[in-house]
Amino acid sequence: MSLVIALGGNALGAGTAAQQLEALRETCAAIEPLVREVQVVITHGNGPQVGNELLRQERAADEVPPLPLYLAVAQTQAEIGAMIETQLAGAVGRPVACLLTHVHVAPDDPAFERPTKPIGPFYSDEQAQELRQQRGWQLVEDAGRGFRRVVPSPQPLDIVELSSIRALLETGAIAVACGGGGIPVVTRNGYLKGVDAVIDKDRASSLLARALGADRFVILTEVPAVYANFGTDQQQELRELSVDDAGALLPELAAGSMRPKVEASVEFVRATGREALITSPAALGDALEGRTGTRVTP
């Protein structure tokens, strides 16, 4: 049996290294019963960590040249992967190996014409105008708190290191891969070239699960289940959704929150005929027993 587990940002939080390790320790303890004797790939988000990295680079820009975004993704893959390795190996008593993972995107993906993903620190109006002129960035006002850079979020097409991930699994190791959605790349003249973009972590995880032929796809997020009418008096936990019902629910869901998770689940279930599960780390035990969580089924 094989499974892919996608950890959301809440698995680590955005605090100090010690606080992130503590949050990860709890997450690893929660998933331990699920990963004892099966082939497992762990994927993860990196939103808070890449935001912190970009802020560090901006503050030190007068002394150290800032790195392109795709290398910041690579840095946080290694940073988070190192923490997952130490905490998960101790929790499950199995070897864990982090693999820096590149993911192909199409150079003509429409997302490159319409950047929508806000990243990094907030800037004043004057700073935003300067960054537009000096770096060619696109910036938009974000919730009245200032201006933020927006970057493309293209669709993931294929995972460059897929065969290496398979090889790791064959050794009995748990693989940590596709962190932050993967390092986005295109191929030019036979070489991989990094591009400044952010790939949605859940979509990349679904792509990986499908490519590996995983038996189950698990997405761990901040809430125990998917809800209809979320945040209203009519809020209702959805324990099980057929793949068609899940697809019909998508317009109701928040684009920057639950929608990509359900979309990723739908893609996996339609392609494989197998089950996806959406829940939180704290509720995983109950979800595996059917007491909470949302199952997306064929």
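Visitor: Does aspartate 244 count as buried or exposed?
Guide: This is a predicted model, in which local features need pLDDT of at least 70, side-chain atom pairs count only at pLDDT 80 or more, and totals for chains, interfaces and linings use all residues. Residues are numbered from 1 along each chain as its sequence is written, and side-chain values use heavy atoms, with hydrogens and water left out. With a 1.4 Å probe and protein chains only, buried means under 20% relative accessible area, exposed means over 50%, and partly exposed covers what lies in between. Aspartate 244, at 53% relative accessibility, therefore counts as exposed.

Visitor: Which residue forms a salt bridge with aspartate 244?
Guide: In a salt bridge, a side-chain nitrogen of Lys or Arg lies within 4 Å of a carboxyl oxygen of Asp or Glu, and here the closest N and O atoms are 3.5 Å apart. The pair links distant parts of the chain, with aspartate 244 in helix H7 (residues 243-249) and its partner in helix H8 (residues 259-272), 26 residues apart; helices (H or I, at least four residues) and strands (E, at least two) are DSSP runs numbered from the N terminus. The partner of aspartate 244 is arginine 270.

Visitor: And is arginine 270 buried or exposed?
Guide: Side chains of opposite charge can pair when their charged atoms come close. Arginine 270 has a relative accessibility of 53%, so the class to which this arginine belongs is exposed.

Visitor: How far apart are the closest N and O atoms of glutamate 22 and arginine 25?
Guide: Glutamate 22 and arginine 25 are three residues apart in helix H1 (residues 17-31), so about one helical turn separates them. Glutamate 22 is partly exposed at 37% relative accessibility, and arginine 25 is partly exposed at 41%. In the salt bridge that the two form, the closest N and O atoms are separated by 2.4 Å.

Visitor: How many residues apart in sequence are glutamate 58 and arginine 135?
Guide: The side chains of glutamate 58 and arginine 135 meet in a salt bridge of 2.8 Å, N to O. Because glutamate 58 lies in helix H2 (residues 47-59) and arginine 135 in helix H4 (residues 125-135), the pair ties together parts whose separation in sequence is 77 residues.

Visitor: What is the volume of the largest pocket?
Guide: On a 1 Å grid over the protein atoms alone, a pocket is an open set of points where a 1.4 Å probe fits, with protein on both sides within 12 Å along at least five of seven lines, and lining residues have an atom within 4 Å of a point. Grid points are joined across faces, edges and corners, and the volume is the space filled by probe spheres set on the points. For the largest pocket this space is about 1300 Å³.

Visitor: Which element gives the largest share of the lining of the largest pocket?
Guide: Of the 46 residues that line the largest pocket, the closest to its centre are Lys117, Asp200, Gly256, Ser257 and Lys261. H2, strand S5 (117-123), helix H6 (201-212), strand S13 (226-228) and H8 are the elements that give two or more residues to this lining. The largest share, six residues, comes from S5.

Visitor: Which element gives the largest share of the lining of the second largest pocket?
Guide: The second largest pocket has a volume of about 250 Å³. Of its 13 lining residues, the closest to the centre are Glu58, Tyr123, Gln127, Leu131 and Arg135, and H2, S5 and H4 each give two or more residues. The largest share, five residues, comes from H4.

Visitor: Within what arc do the buried residues of H5 fall, seen down its axis?
Guide: In helix H5 (residues 162-170), Leu162, Ile165 and Leu169 are buried. The arc is that of the directions from the helix axis to the C-beta atoms, and the buried residues of H5 line one face of the helix because they fall within an arc of 60 degrees.

Visitor: Which residues are exposed on the other side of H5?
Guide: With contact meaning heavy atoms within 4.5 Å, the cover over the buried residues of H5 includes strand S2 (39-44), strand S8 (158-159), strand S9 (174-176) and H6. On the other side of H5, the exposed residues are Ser163 and Glu170.
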